[in-house]
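Thanks for coming. I will take a few minutes to walk through one structure, so please bring it up on your screens.

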Amino acid sequence: MKLFPQKERVRELPILPTQHTLIFPGHASTLFVTQDSAKAAIAAATTEGGRSFLAVPQKELTPIPKPDDLYRVGTLVWILHNIRLPDGSLRIIVDGRDRAMVAGITEKEGVLYGAYRQISANKRDPDNELPKLARLIRDSFEEYAKLSPTLKSEARKKISEAESPDQLVNAIGTHVAFDMDTRVAIFKEASSLARARLTVDSLDGEVELLGLKRSIRDRVRKRMEQHQKDHFLNEQIREINKELGKGDDDDDGHAELLQRIDEAELPEDVATQAQKELRRLKKLPSMAPESGIIRTYIEWLLDLPWNAPPREAADIKQARQILDEDHYDMEKPKERLLEYMAVQSLNPDLKAPILCFVGPPGTGKTSLGKSMARALDRAFVRLSLGGVRDEAEIRGHRRTYVGAMPGRIIQAMKRAGTHDPVMLLDEVDKLGADFRGDPASALLEVLDPEQNNSFSDHYIEVPFDLSRVVFLTTANSLHGIPAALRDRLEIIEIPGYTEREKQRIALDFLVPEQLRENGLETASIKFRRDAVLRLIHEYTSESGVRNLKREIANVIRKLARELMEQGTTVTEYRRTIGAPTVSKLLGPPRFHHDEGDREIRVPGVVQGLAWTENGGVVLPVEVVILPGSGDLQLTGSLGDVMKESARAALSHILAHSAELGVAFDRTTTSIHIHVPQGAIPKDGPSAGITMFSALLSALSGRVIRSDTAMTGEITLSGRVLAIGGLKEKMLAARRRGISRVILPEGNRNDLEALPQDVRTGIECVLLKTVDALPEHLF
């Protein structure tokens, strides 16, 4: 019985696709079969009366190859061993018997079958070249074997045992790391002479490639050896120079660093640390990674302002003039800053408190710090602490970490360049804390006058004196400042501006500033008061003047464009801006302060006054009575304090329902309290009488006056407690056109301290208890 079909006949066998493998005749190979389709091919080969199949290499590595993914050559192989492994895969050892060309591939029941014709070797050699080519192949293989680091000794043995040129070519194709296209080209060639020539060319190419790789490897090794040799010789030269007393070679700038240390007049402990690090630097090679770290550290020590200049007494009259030039009104903050300067001038060693300006955005907190620095003739640096969560941002990183650097305090001192700048710590109420530490706790040492004369930064590692620094802080709200940090601060509240104050600030400060910044300082541009009022009423809604400044800048930019389009010069340009011009340039109004909730005339709706970080706001509260089982629903993203205010107000109404003239059956009725704009969290201890009024209106069916707003906390006994942020709330009421405000009696003194233009036109009703509240509501 013949093992394979006749050469001239086309027969069909199962195909086993192989990855990265082309089996040459006369050579055994081990294959691992994991795919189900490949296992099916092995099963088909063994169940059709034989143990042979076609091993066909893949062009693309796909899990389930298609006919187009396979080369059109294959090896007729015989299965020597078939072993099933514990994981279900097969380990088969096959022997390559003959080469074949695949004429066509079909698929039957998930198994690929190949129609093949064996490749008959054409051994014609008219000029007897084959022996010479075989010798060339053996010589080239010897060079390849010397250069290849992965060639096994078994390959040498197989090639030395090859008797015929075809056997030699098959051995070379099996053991030399040709790419798959080259192997297929050698494999499918029928002529023995052409196969040998192709093998010689391909093998020479591999030898050349390996020689190039070895050459590159040798050059890299020699370069590294040269670096090591240079380092060794440099160290020898340094030691010889030491013995001769000639000092070190200064190719690395060590002498320059030493000169800077001597000239810097550093404190003794800092100079000792710098010299110690410089000695370490000299011992390191210039290419060592640590040398750059040490050099950077020494330069930080040299760049910091260690020596304090003598303090000069501040000129209080000039300081007052500067503060007045930069800020309108703000008498209390200005007085406190002038007192601070006067005391510091009389007693330079006084451990002064840390001032904290608290107020809505755009009220001039940061610019107060700049003005103080100008009045004291000191450098000004600002640190924004909003969102800082890592303690290392304040204290710095230890030098053991990659990319270590000093904290923000030391960096600010370097930027200032002096030992006594004015340093503004902005947004201390927005400090965070997480697993990396608490930056607020790190600030305690910075802001404590008893400790900051020896501030310790983890990077610098030597104490730094911050006692000469004038620290100022800002915050929008006191609630966000940690208690321990707040204890070290002297709070100066900066409330929002009145309409009159905004007018003066706009005309005296903002308009000239924006004309100067937009290149129209020499133009004849005037803003009328009605134009500024239009901007305040219809295009801004804020306690400060930040948005007002933006809108003024918006108007002036449009004027600058108009000037350029007309082609006139700046000095010839004249324009007077009135309210109609503002509306024409900026478009429709963005805010309508006298509309909205005031038009809603239904029971259960009342207007409350609230304080936010952005100033005062009018906060409507709505109550509806529903069929239910007596439960109280609270919606609108209310905080715990506001929820408790609502429950306390309801409890007081139910306890005094007879006196108040309301009836409420808890078995059949439920109450729903809602504060609009539910996406915005709301909380605070001043919503009690607002909740009480809304509940009383809904339960009694009476409508509350639309010109009335209120603020104040309530107790179960009916007392009305004092609240904070009175000025901001009154300003919010004025912006909304409210003419009547109900307040706690406890705020009488605060009300009298308000500027007259805040109170003018608003009737204020002061209450001690809620007993008198109903007569002022309806």
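First, the ground rules. This is a predicted model, in which local features need pLDDT of at least 70 and side-chain atom pairs count only at pLDDT 80 or more, while totals for chains, interfaces and linings use all residues. Residues are numbered from 1 along each chain as its sequence is written, and side-chain values use heavy atoms, with hydrogens and water left out.

Let me start with the rings. How many aromatic pairs does the structure hold? There are four. Rings of Phe, Tyr and Trp (its six-membered ring) pair if their centres lie within 6.5 Å; planes under 30 degrees apart count as stacked, over 60 as edge-to-face and the rest as tilted. Phe24 and Phe187 have ring centres 5.5 Å apart and planes at 75 degrees, so this pair is edge-to-face. Phe24 lies in the loop between β1 (11-18) and β2 (28-33), and Phe187 in helix α5 (residues 180-188), so the pair links parts of the chain 163 residues apart. On the names: helices (H or I, at least four residues) and strands (E, at least two) are DSSP runs, numbered from the N terminus. Both Phe24 and Phe187 are buried, where buried means under 20% relative accessible area, exposed over 50%, and partly exposed in between (1.4 Å probe, protein chains only).

Tyr297 and Tyr459 also form an edge-to-face pair, 5.8 Å centre to centre with 65 degrees between the planes. Tyr297 belongs to helix α9 (residues 289-303), while Tyr459 is in the loop between α15 (439-447) and β10 (470-475), 162 residues apart. Tyr297 is buried at a relative accessible area of 0%, and Tyr459 counts as buried at 3%.

Staying in helix α9, we also find Ile298. Is Ile298 buried or exposed? With 0% relative accessibility, Ile298 counts as buried. Apart from neighbours within four places in sequence, Ile298 is in contact (heavy atoms within 4.5 Å) with residues including Leu257, Ile261 and Leu281.

Next, charges over rings. A charge sits over a ring if NZ of Lys or CZ of Arg is within 6 Å of the ring centre and within 35 degrees of the ring normal. The charged end of Lys108 sits over the ring of Tyr113, 5.2 Å from its centre. For Arg702 over the ring of Phe778, the distance to the ring centre is 4.0 Å.

Now the helix contact. Which residues of α11 meet α12? They are Pro333, Leu337, Tyr340 and Met341, and they meet Leu368, Met372, Ala375 and Leu376 in α12.

Two residues other than glycine have a positive phi. Phi of Asn128 is near 55 degrees, and Asn128 is placed in the loop between β6 (111-118) and α2 (130-147). Phi of Glu265 is likewise near 55 degrees; Glu265 sits in the loop between α7 (254-263) and α8 (268-283). Glu265 is exposed, with a relative accessible area of 59%.

Last, Thr708, in strand β18 (residues 708-710). Thr708 counts as buried at 0% relative accessibility. Not counting residues up to four places away in sequence, Thr708 touches Gln607, Ile738, Arg740 and Ile742.

That is the end of the tour.
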